[in-house]
Amino acid sequence: QLWQSIFERQQADVFAAITNGGNVSSALELKRSDFLAGLNRFYIEQGTRFSGFIVIERRDAVNDDPNISEIIAEIITSEALALSVLDEINADTARMIGEQVSDLIENEATIGQIQQAIIDAGILDDARALMIARTTSTQAQSIGLLAAGQSAGATHKTWSDSGFEVRDSHRKTSGQRVPIDGKFSMPNANGPGLENPAYPGDPVLSVANRANCRCSLTFDIEG
């Protein structure tokens, strides 16, 4: 519901800007601090929930570190995760709105027609909110598991696909083992070369390798 709420508030601000001759990109930033705070809370709360159950050396392990939320918050802050995610999504939203309405403005469409075009294009609708929610949930899960693995003394992490409708690049990465602070090597979904995520959903990944990912991490202790 987080992204549905964000999109509802952004749509109201965008429509107000269109009505009053304002700037769409500026309208998307009006409640930036509120959205960042909400997104940070989401990552910490969901990451903490996922951290409670990890797999170390093929055995289920329960994480009971009372400081796990602080570890997760440190990871989120060090990567400026919420900021980078929100900036990327706002930039994509502004681009899509611009592409959708530029011709309408040139053809002197009414404000109502422009607003309806944005609605019809699904730029701020529930379907896009759900896709983003799935992606950010994977990020939260990965960070929670990574924090729990670090807390448990794990030395290595292994990429594990969901086994269900797995894209080819993720299937090829599944089973890859790297040091706990290392990077995986994943085939670029958009062409030649490799991408180097630290965890499933890592913002360094292209959208093609990040959106709707359901992969996870397992851990082991060497030595």
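1. The face of α4 turned away from its buried side carries Glu70, Glu74, Thr77 and Ser78, which are exposed (over 50% relative accessible area; buried is under 20% and partly exposed in between, with a 1.4 Å probe and protein chains only). The model is a predicted one: local features need pLDDT of at least 70, side-chain atom pairs count only at pLDDT 80 or more, and totals for chains, interfaces and linings use all residues. Residues are numbered from 1 along each chain as its sequence is written, and side-chain values use heavy atoms, with hydrogens and water left out.

2. The buried residues of α4 are Ile68, Ile71, Ile72, Ile75 and Ile76. They lie on the same side of α4 because they cover an arc of only 135° around the axis, the arc being that of the directions from the helix axis to the C-beta atoms. These buried residues pack against α3 (32–51), α5 and α7 (126–151).

3. Helix α4 spans residues 68–79, which makes 12 residues. From its first C-alpha to its last it reaches 17 Å, close to the 16 Å expected at 1.5 Å a residue; the expected span is 1.5 Å times one less than the number of residues. Just after α4, Ala80 takes a positive phi of about 50°.

4. How do α3 and α4 cross? Their axes come within 9 Å and cross at roughly 130° (axes are lines fitted to C-alpha atoms, for helices over the stretch in contact, and angles run from 0 to 180 degrees between N-to-C directions). The two helices are therefore oblique to each other; angles under 35 degrees count as roughly parallel, over 145 as roughly antiparallel, 65 to 115 as roughly perpendicular and the rest as oblique. α3 passes α4 in a right-handed crossing, meaning that the near helix is turned clockwise from the far one by less than a right angle. On the α3 side the contact is made by Asn40, Tyr43, Ile44, Gly47, Thr48 and Ser51, and on the α4 side by Ile68, Ser69, Ile72, Ala73 and Ile76. Contact means heavy atoms within 4.5 Å.

5. Glu88 sits in helix α5 (residues 81–106). Its relative accessibility is 29%, so Glu88 counts as partly exposed. Apart from neighbours within four places in sequence, Glu88 is in contact with Val207 and Arg210.

6. Gln4 belongs to helix α1 (residues 2–20) and, because its relative accessibility is 29%, counts as partly exposed. Beyond neighbours within four places in sequence, Gln4 is in contact with Asp126 and Ala129. Gln4 and Gly21 are 17 residues apart in sequence, and their C-alpha atoms are 25 Å apart in space.

7. With neighbours within four places in sequence left aside, Thr173 is in contact with Trp159, Phe184, Ser185, Met186 and Pro187.

8. For the protein overall, there are 9 helices and 7 strands; helices (H or I, at least four residues) and strands (E, at least two) are DSSP runs, numbered from the N terminus. Of the 223 residues, 43% count as buried. Along the principal axes, the C-alpha atoms fill a box of roughly 70 × 40 × 25 Å. Among contacts with a separation of 6 or more, 66% are between residues 24 or more positions apart.
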